[in-house]
Amino acid sequence: MRRTATTDRRRYGAAGALALALAATVALAEPPPAARPSADFDAAAQKRVAQSLAARLPHLHLLRPAFDAELAERAFDRLFDLLDRQRYFFLAEDIAAFREEASELTAVLRRGDVSLAFRVFELFRERVADRTAFAEAALEAGLPDDLPEDFAWRREKAPWPADREEWDALWMLRLKNELLTRRVAVALAAEEADPDAPGEENGPDLMDAHLTPEAFVLNRHRQFQIVLDDSDEQWILDRFFNAFTQALDPHSEYLSPARVEDFDINMRLSLFGIGALLSTEDGAARVVRLIPGGPAERDGRLQPGDRIVAVAQDDGEPVDVLHWPLYRIVRLIRGERGTRVVLTVWPASDPSGATERRIAIERDEVRLEERAARAERRPVARPDEETPRTLGIVTLPDFYADFRGGGDEPPRRSARDVRERLEAMIAEGIDGVLLDLRNNGGGSLNDAVEIAGLFLDAGPIVQVRDRRRVHVINDPDPARVYEGPLVVLVNRLSASASEIVAAALQDYRRAAIVGDSKTHGKGTVQTLVPLDPRAPELGSLKVTTAAFYRVAGGSTQKRGVAPDVVLRSALDVMEIGEEFLPHAIEWTVVPPAFYATMEGDVPPPDLLREWSLARRAQDPRFAERETALDELERRQKAERMPLDFERRLAQARQERELRAARPMQPGDPDENGKEDDLVLEEALQVLADIVAWREAQAEAEAVAVGLGEGR
């Protein structure tokens, strides 16, 4: 039957008919130039990289993986995820065609053959060019009115589009969603321009405010096409090689010589920036964590999970960095000390990207004094007591070990600083200690072991498994600096060394752990090794070589440390943690080390939970907090997004109000500029519970002894 616009409209509706008409237009679009290696491409060197990677990766990695067809299939899937995570560009037939070669990928890498990388990328660019042309035609014609009223925006596990008809229908929904997101952002910016409207300190700035929503959306798609067209061979091969490393675990990666240089700069902190660890997510630079003592952490507005989509230099025009390679974004953010960089950010709490924020940060170094351990004594009274107790708080943002101490001064170390602050507070008089490890992403293993040992007698602190054996690391000092009541406060960003300390003190029953439902779950160690020590031009391999285990035998990997008393933060309802990373190494167990638990240091966890829950039930601030967190969690887990302007605008307004009102991060100031940290406040109450319980236990024992002597 001859197809006409009328029959198409009857069969597919207005949206389907328009999609088919646009498809005919797009089919005439000229494909992009072939993505073949340029004249200065060193094919021989890349062949050596491929062969060295195939030889060294299974030899060095903790898991001792077989470089076989199973790994090849995982690498194949990871390659397409790295290019098209949300499954908008490749068709099912594309995946099926390349799938025939999947099981041979490891053998191909051993031979040094990287041609598949260029063939996949060439098709990817063709598909992106097709979709850019489709978007241009659709936005010019105007989207039909009969599109569905919601949209499955999370497509990581969705099937690839089966054919062009399904592909076009998907893109109609995507374009409608993007237009709505922009229109909502424009509406919010207009509201925030009104000084009487509820908003935040960043004001009504909106990137490319002069553009219509259609022009703004189309610019984003054209930019992605330009980024791909400008991508060099190394951009392509980085993804190909990392498909193999990340098929083993998310932290192993190949670093080209340029990226090794960036890695060294980060380690030396020799260029000034904002002090944030970034990764890529769906084309944006996602904030993984803030470096303690860095400009962003001191500023307080940028938060983990936020996505950076544009970068400006001081008063200059913002540069849209969506889909840029991460190293280029990082280089744009870095600059001279004292200069300002202005970031356009999509907050982590708004997955739609409608609530755009601008954050200006002055570039500076990471200040050691900001990273250093700090201590304070604070009076805390339980609700049923009039006389407050004096509780000590030790805040440790980082397990630092600055071995570059100058002159005759000893090097600055976190273990020494924590010891000195503990001893000073003990001398002044304290009834209990809270060790705050929130947002502490780790650092020096030796310092972590020593800090745990400050609260323990001699014994094992952590077990470390490498490719050959499991070895136990013991407390180097048999003396306890502090023997009194102890709480360790953690959250989803407490990782690695923080988890070692929390796990050891929990296993010994020395401390109560309080915080998010679990810590991050980063229980592995990475080592940077050159692919060939004789040929630095080949780059390096950051590879997982060891794993941490608790003295009780379980790993901290993936599961992290589960607190005795859970006090959720906003981080706990977001996808933050090792379990959300692709191909994360699974939790395992080794035989427990020889250690003895401490009786009488902390009450049974169920008692602590009971007391805390009863107290929070009487505090309306916690009810408000839980309501806000439940709403945030619902949004984060929602798989569909409404495609109705009023509903989306209402959602964005509510998100803005929640963000303005919530005391969700440690140290967030309230409207009077005072620190409002509800989690810390309740954690101190838990510590006061332990103090009171231990006092009651001691009194009961004294009475029992007295009765015994009376007989």
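User: How many helices and strands does the chain have, and what makes a run of residues count as one or the other?
Analyst: The chain has 20 helices and 21 strands, where a helix is a DSSP run of H or I with at least four residues and a strand is a DSSP run of E with at least two, each kind being numbered from the N terminus. The model is a predicted one, in which local features need pLDDT of at least 70 and side-chain atom pairs count only at pLDDT 80 or more, while totals for chains, interfaces and linings use all residues. Residues are numbered from 1 along each chain as its sequence is written, and side-chain values use heavy atoms, with hydrogens and water left out.

User: Why is K176 called buried?
Analyst: K176 has a relative accessible area of 15%, and buried means under 20%, with exposed meaning over 50% and partly exposed lying in between (1.4 Å probe, protein chains only), so K176 is placed in the buried class. This residue is found in helix 7 (residues 164–192). Leaving aside neighbours within four places in sequence, K176 is in contact (heavy atoms within 4.5 Å) with L143, L147, P148, E149 and L643.

User: What share of the chain is buried, and what share of the contacts with a separation of 6 or more comes from residues 24 or more positions apart?
Analyst: Buried residues make up 55% of the 711 residues in the chain. Residues 24 or more positions apart account for 77% of the contacts with a separation of 6 or more.

User: How do helix 3 and helix 4 pack, and which residues make the contact?
Analyst: Helix 3 (residues 69–83) and helix 4 (residues 92–99) pack at an angle of about 150°, with their axes 12 Å apart; the axes are lines fitted to C-alpha atoms over the stretch in contact, and the angle is taken between N-to-C directions on a scale from 0 to 180 degrees. The contact is made by E73, F76, D77 and F80 of helix 3 together with I95, F98 and R99 of helix 4.

User: How many residues of this contact are nonpolar, polar or charged?
Analyst: The contact of helix 3 with helix 4 has four nonpolar, no polar and three charged residues, given that Ala, Val, Leu, Ile, Met, Phe, Trp, Tyr, Cys and Pro count as nonpolar, Asp, Glu, Lys and Arg as charged, and the others, Gly among them, as polar.

User: What makes strand 5 a paired strand, and which strands does it pair with?
Analyst: Two strands pair if DSSP finds at least two bridges between them. Strand 4 (residues 284–290) is joined to strand 5 by two bridges, strand 7 (residues 340–346) by six and strand 6 (residues 319–320) by two, so each of these meets the criterion. The pairing is antiparallel with strand 4, with strand 7 and with strand 6. Among the residues of strand 5 (residues 307–313), I308 stands opposite A285, R307 has W346 of strand 7 as its bridge partner, and V311 has V319 of strand 6.

User: Why is strand 5 described as mostly covered?
Analyst: Six of the seven residues of strand 5 are buried.

User: What makes strand 9 and strand 20 edge strands?
Analyst: Six strands form an open sheet of mixed pairing in the order 9-10-13-16-17-20, and strand 9 (374–380) and strand 20 (565–566) each pair on one side only. Strand 9 is joined to strand 10 (residues 389–395) by seven antiparallel bridges, with T390 as the bridge partner of P379.
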